[in-house]
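Welcome, and thanks for taking a look at this one with us. Please have the sequence and the 3D view open side by side as you read.

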Amino acid sequence: MIARGLPAVLLVNLLVVGPEWLMPYAAFPHPWLAAEALLVAGVMLLVPRPWAWIAAVVLSLAVMVSVGLALSDLGTGLALGRPMNLLIDLPLAASVEHLLRGAVGGPAAWAILAAGLAAVGYALYGLSRLLYRMAPGQAGMASVLVGVAMVGAGLLLQHHRDAWPVGRAVDAPALIRYTDQADRVLRTAAERRAFADALAVPQQPIQRRMASLQGRDVILGFIESYGVSFLRDARYRVTGQAALEHLAGELEAAGLQAVTTSMRSPVQGGQSWLAHGSVLSGRWISNQIRYDLFLDTPRPSLIRDFHQAGYETAAVMPAITRAWPAGRQWGYDQIHDHARIEYAGPPLNWVTMPDQYTWHYFQRAIRAPSASPVFAELALISSHAPWTPVLPTIDWSRVGDGSVFHRWAEAGPAPGVVWADRDRVRRHYARAVDYALRTAGEWAARDLGDGILILLGDHQPAPLVTGEGASRAVPVHIIARDRTLLEAFVARGFRRGVMPPAKALGTLADLRSHLLAVFNGEPTAGAAVPAAASGAVAPSPEEIKE
């Protein structure tokens, strides 16, 4: 009986404990015994044979789900810098599939997903068979005694897992995964109610006349994965500072100036739309629930602010390849997604078109023909993972319909090659953001004219690139020819030049109030209203990393 059950106990223990050893900065010493392994084995020894298959499947499923939760925490930790939350992260499965298709192609992506599902099914079946073999053919006193002893030992170890010396070798990882996940779901549900209550508070209508703009265009350009680590981390600092020097030189030669700060993003490594939503709404939009709640009914946002001031509003979203109902909910006059943008060049793995073409298209197809001043949001995606290939900037007069970029369709190593080496990933990341900044600077020098460019990052890259515990701050540059306008931002805490200060100036949710105050000519004494004070739910302490 014990000999038959030993493989099952060892396998359950390995499945439950193994992921804990993979967790970044996991507590040391790592546990080598899971109390759940003894509990599972003890229960199987007590189950009568007619019920053994049902018990084996249920217990196997519970073990596999706990392993799935652990691996999901590991994956979201590496990609997004936080643990997984079932209430808000299940919709991301479609985004993962989309990213995988863009990186390795549709057939390969589906093959990988199918292989993963088959492996999970086979593991579940194999574990169930091992557990079933433990059930005694006839419930004898020996199996009952051993089963009771194992269940009792498992419960005692679980209860005293934090006590010395038990805690140095024993833990209850499966129980922790379930209880942690339940706690996150409950806290998120409570946050949903709090945020909904905050949104229900009526706001006084404010006339947005944007007098200080004098009808000049305003462009909001989000650079994908552009965080302060690019400028401060020793691995990227040389490239980052060179990129900013190039940007400053381009601006100065064109008679433009910049002021800069940094602000904390609600996300890291992905979910860029939450950062965009925080800027547009002036609310801390840190998860999909908040995003959906905000868009449920028309609410004040930068888009509607500029509408009131007589601006034509546009969104340029080259990475949007499917229907985008949120775009209509935001209220843009024009939405230029991948299908609408006239691009004759090749896709570049996940990236549908290079930033240089996005800037070129915006100037030619949106800004130049408009009879009204333009407020536009651009999503600049050349610095989105997998960061290959990284293109050079070409003569802007040759960009045309984008067909010139076909020569780079197969350039650079494949994503699988890049991501097989962590150092190579980091080098490609730095080169991609360098390209994005240089391209934006060249466009501004050529075409910004009297307009105002707000050039900012959406979020830091994944912890794989930044390391654990990195700040979530992103640079925010305000670029214009109007010195008086820029000095108004300096009075509100921005720094002259293109290098952000060490301390973040609040969060991206605060940027809207800064912009409106300056564009409406409000005195500095009536300083920006933080998102929390304006009716939003403020970020929780664990969401803010400096």
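Here is a short tour, from the whole chain down to single residues.

The model is a predicted one. Its protein chain holds 20 helices and 10 strands. Buried residues account for 51% of the 546 residues. Of the contacts between residues at least 6 apart in sequence, 77% join residues at least 24 apart. The chain exposes about 23,500 Å², and carbon and sulfur atoms supply 62% of that area.

**The sheet and what packs on it**

- Eight strands make up an open sheet with mixed pairing, and their order is 6-5-7-3-8-9-4-10.
- Strand 6 and strand 10 (495-496) are the edge strands, each pairing on one side only.
- Two bridges link strand 4 (residues 257-264) to strand 10, and the sense is antiparallel. Across this pairing, Thr260 stands opposite Arg495 of strand 10.
- Helix 20 (residues 511-519) packs on the sheet, where it touches strand 3, strand 4, strand 8 and strand 9 (473-480). The direction of helix 20 makes about 165° with that of strand 8.

**Two enclosed helices**

- Helix 15 (residues 355-367) has 11 of its 13 residues buried, so it is largely enclosed by the rest of the structure. Among the buried ones are Tyr357, Trp359, His360, Tyr361, Phe362 and Arg367.
- What do the buried residues of helix 15 pack against? Their partners are strand 3 (218-223), strand 5 (312-317), strand 6 (334-337), strand 7 (374-380), strand 8 (452-457) and helix 17 (422-448).
- Helix 11 (residues 272-281) is likewise largely enclosed by the rest of the structure, because nine of its 10 residues are buried. The buried set includes Leu274, His276, Val279 and Leu280.
- Just after helix 11 comes Gly282, with a positive phi of about 75°.

**Salt bridges**

- As a general point, side chains of opposite charge can pair when their charged atoms come close. In this model the count comes to 11 salt bridges.
- Arg177 and Asp73 form one of them, with their closest N and O atoms 2.7 Å apart. Arg177 belongs to helix 8 and Asp73 to helix 3, so this pair ties together parts that are 104 residues apart in sequence. Both ends count as buried: Arg177 has 10% relative accessibility, and Asp73 has 9%.
- Arg367 pairs with Asp217, again with the closest N and O atoms 2.7 Å apart. Arg367 lies in helix 15 and Asp217 in the loop between helix 8 and strand 3, so the pair ties together parts that are 150 residues apart in sequence. Arg367 and Asp217 are both buried.
- Glu487 and Arg496 meet through their side chains in another salt bridge, at 2.8 Å from N to O. Are these two residues buried, partly exposed or exposed? Glu487 is partly exposed, with a relative accessible area of 31%, while Arg496 counts as exposed at 56%.
- Salt bridges with shared partners join Asp73, Arg177 and Arg184 into one network.

**Contacts that span the sequence**

- Ser66 sits in helix 3 (residues 52-80) and is buried, with a relative accessible area of 3%. Setting aside residues up to four places away in sequence, Ser66 touches Val16, Ala174, Arg177 and Tyr178. The C-alpha atoms of Ser66 and Tyr178 are separated by 6.8 Å, although the two are 112 residues apart along the chain.
- Glu36, in helix 2 (residues 35-46), counts as buried at 11% relative accessibility. Apart from neighbours within four places in sequence, Glu36 is in contact with Val16, Asp171, Ala172, Pro173, Ala174 and Leu175.
- Ala182 is a residue of helix 8 (residues 173-200), and it is partly exposed, with a relative accessible area of 38%. Its C-alpha atom is separated by 8.9 Å from that of Leu86, 96 residues apart along the chain.

**A nonpolar patch on the surface**

- Leu46, Met141, Val144, Leu145 and Val148 form a nonpolar surface patch, with about 450 Å² of accessible area together.
- Which helix gives the most to the nonpolar patch? Helix 7 (residues 141-159) does, with four residues.
- Leu145 lies in helix 7 and is exposed, with a relative accessible area of 54%.

Note on methods
Residues numbered from 1 in each chain as written. Predicted model: local features only at pLDDT ≥ 70, side-chain atom pairs only at ≥ 80, totals over all residues. Heavy atoms only, no water. Patch = residues over 30% accessible without salt bridge, like charges linked within 9 Å, V, L, I, M, F, W, Y side chains within 5 Å. Areas by Shrake-Rupley, 256 points an atom, 1.4 Å probe, with all protein chains shown as cover. Salt bridge = Lys/Arg side-chain N within 4 Å of Asp/Glu carboxyl O. Buried < 20%, exposed > 50% of the residue type's maximum accessible area, 1.4 Å probe, protein only. Contact = heavy atoms within 4.5 Å. Pairing = 2+ DSSP bridges. Axes fitted to C-alpha atoms, helices over the stretch in contact; angles between N-to-C directions.
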